[in-house]
Amino acid sequence: MKHIGWIASGAAAVLVAAGAITYAVADGDESGLKAPTADSADAGFARDMAVHHQQAVEMSYIVRDRTDDEEVRRLAYDIAQTQANQRGMMIGWLDLWGLPKVSSQQPMAWMGMGDMASGEDGSLMPGMATDAEMEKLNKLDGKQAEIFFLQLMTDHHKGGVHMAQGCVSQCTVGVEKKLAQGMVNAQESEISLMTGMLKERGAAPR
């Protein structure tokens with residue numbers, strides 16, 4: 001339970017920062033005046049990370065129904081709320097920029113990695129769970145569900161960190177780069193936290 005307080009505080013801070021960033025872009029912040037192109041890293045990251053985040057939200061709500069463990073449930077809730085908020089921001093940016101929310105290009109093409117993920121069984125990008133894994137999580141209960149969720153989310157975060165680092169390096173919209181760096185920081189911290197939670201349950205990342 002000692003982890004929960006700083007997780008909730010961190011999630012709240014991210015949500016406050018996210019709201020400020022969205023306002024800055026919408027209100028004509030200097031770094032957000034020039035809309036990026038549809039094939040830019042800025043647009044690619046917003047589209048791909050919105051999809052990536054959606055699965056994390058779904059995964060988090062599944063495990064909340066599969067365990068009574070308060071530490072796991074609160075972590076899942078924090079992840080779901082934070083990533084749902086960030087997903088809304090990124091979709092909103094695409095609207096503000098007048099850009100499509102889908103692309104004919106492969107996921108990760110903006111990073112030069114369009115051929116990295118096979119897309120097999122729903123795993124569209126690195127770190128994403130397959131449809132079979134999501135189905136398995138939905139059938140587990142208690143400690144087994146906790147362990148599998150923590151393992152899946154650790155993989156998911158590792159893929160998300162890689163993508164966010166790509167935006168930090170390649171995106172040109174300042175506020176989006178700041179959001180991406182915030183994702184890197186927060187998700188690396190959660191990876192460390194989840195590794196400890198797995199160890200407490202006699203397990204380890206995959």
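Reader: How many aromatic pairs does a search of the whole structure find?
Author: Two aromatic pairs turn up. Rings of Phe, Tyr and Trp (its six-membered ring) count as a pair if their centres lie within 6.5 Å; planes under 30 degrees apart are stacked, over 60 edge-to-face, and the rest tilted. This is a predicted model, where local features need pLDDT of at least 70, side-chain atom pairs count only at pLDDT 80 or more, and totals for chains, interfaces and linings use all residues. Residues are numbered from 1 along each chain as its sequence is written, and side-chain values use heavy atoms, leaving out hydrogens and water.

Reader: Ok, why is the pair of F45 and W110 edge-to-face?
Author: Their ring centres are 5.8 Å apart and the planes sit at 80 degrees, so the pair is edge-to-face.

Reader: And where do F45 and W110 lie?
Author: F45 is in helix α2 (residues 41-64), while W110 is in the loop between α3 (70-97) and α4 (131-137), so the pair ties together parts 65 residues apart in sequence. Helices here are DSSP runs of H or I, at least four residues, numbered from the N terminus.

Reader: Is F45 buried or exposed?
Author: F45 is buried, at 0% relative accessibility. W110 is buried too, with a relative accessible area of 10%. Buried means under 20% relative accessible area, exposed over 50%, and partly exposed in between (1.4 Å probe, protein chains only).

Reader: New topic: which residues form a disulfide?
Author: C167 and C171, with sulfur atoms 2.2 Å apart; a disulfide is a pair of cysteine sulfur atoms within 2.5 Å. The torsion about their S-S bond is about -120 degrees, so the disulfide is left-handed.

Conventions:
Helices (H or I, at least four residues) and strands (E, at least two) are DSSP runs, numbered from the N terminus.
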